[in-house]
Amino acid sequence: MNKTNPAAKQATIDHLNLSVRNYQEAVEWYRRVFGFKEVEAGGDSHTIDRWGILKSGDTMLCIYERKDLASASAGKVDHHQISHFGMRVHEVEVWEKTLKECGLKTYFGSPVRYPHSQSWYVKDPSGHTIEVSHWMDGRIQF
């Protein structure tokens, strides 16, 4: 018998924490492309010039500026990393309009069609890969 950990029913991802090359550029990009709003900001820590929390619905991104780091897509990693993170869109037409209006380049033959969804892969200004998914019939299924 497979028992589920009771905590699993309550666990959701609260936020992702990303280093970015240019704080203001990242804030503007995530606002234009995904509708995030800056809800908190600060700076002047020992190693971080600027940091902030961006929010869209229940999704939060914590970003901090590190100009000394290579692009996330440089491919030169000597440690484990998140290879990409996913965002979900509910209206394909609105997303495709955003792709055009923002001049976003897509990767990996986007849109990639899966059995129950399709995905577009884009990169933010710091090189983080984002999989933008749309689920068929508006629901997650496998």
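Eight aromatic pairs are counted in this predicted model.

**Aromatic residues**

- A pair of aromatic rings is described by two quantities, the distance of the centres and the angle of the planes.
- Trp29 has a relative accessible area of 6% and is therefore buried, since the limit for that class is under 20%.
- Phe34 has a relative accessibility of 14%, so Phe34 likewise counts as buried.
- The ring of Tyr107 has a charge over it: the charged end of Lys123 sits 4.9 Å from the ring centre.

**Nonpolar core**

- The largest nonpolar core comprises 25 residues, and Tyr30, Phe34, Ile63, Trp95 and Ile130 have the most contacts inside it.
- At least two residues of this core come from each of the following elements: strand S1 (15–20), helix H1 (23–34), strand S4 (59–65), strand S5 (85–88), helix H2 (92–101), strand S7 (117–123) and strand S8 (129–135).
- Helix H1 provides the largest share of the core, namely seven residues.
- Leaving aside residues up to four places away in sequence, Ile63 touches Leu18, Val20, Tyr23, Ala26, Val27, Arg50, Trp51, Gly52 and Leu54.

- Four strands form an open sheet in the order S5-S8-S7-S6, and their pairing is mixed.
- Strands S5 and S6 (107–113) are the edge strands, each pairing on one side only.
- Between neighbouring strands of this sheet the average turn is 25°, direction ignored.
- S6 and S7 run antiparallel and are joined by three bridges.
- Arg113 has Gln118, in S7, as its bridge partner.
- Helix H1 packs on the sheet through contacts with S5, S7 and S8, and the direction of H1 makes about 15° with that of S8.
- Helix H2 also packs on the sheet, where H2 touches S7 and S8; the direction of H2 makes about 20° with that of S7.

**Ser117 in strand S7**

- Strand S7 includes Ser117, and this residue is buried because its relative accessible area, 7%, lies under 20%.
- Beyond residues up to four places away in sequence, Ser117 touches Val112, His134, Trp135 and Met136.

**Pairing around strand S4**

- Strand S4 pairs with S1 in the parallel sense, over six bridges.
- Within S4, Met60 is the residue opposite His15.
- Strand S4 also pairs with strand S3 (residues 50–56), in the antiparallel sense and over six bridges.
- Thr59 of S4 stands opposite Ser56.
- S3 and S4 make a hairpin in which two residues lie between the strands.
- Gly57, in the turn of this hairpin, has a positive phi of about 60°.

Key:
Residues are numbered from 1 along each chain as its sequence is written. This is a predicted model: local features need pLDDT of at least 70, side-chain atom pairs count only at pLDDT 80 or more; totals for chains, interfaces and linings use all residues. Side-chain values use heavy atoms; hydrogens and water are left out. A nonpolar core is a set of buried Ala, Val, Leu, Ile, Met, Phe, Trp, Tyr and Cys residues joined through side-chain atoms within 4.5 Å. Buried means under 20% relative accessible area, exposed over 50%, partly exposed in between (1.4 Å probe, protein chains only). Contact means heavy atoms within 4.5 Å. Rings of Phe, Tyr and Trp (its six-membered ring) pair if their centres lie within 6.5 Å; planes under 30 degrees apart count as stacked, over 60 as edge-to-face and the rest as tilted. A charge sits over a ring if NZ of Lys or CZ of Arg is within 6 Å of the ring centre and within 35 degrees of the ring normal. Two strands pair if DSSP finds at least two bridges between them. Axes are lines fitted to C-alpha atoms, for helices over the stretch in contact, and angles run from 0 to 180 degrees between N-to-C directions.
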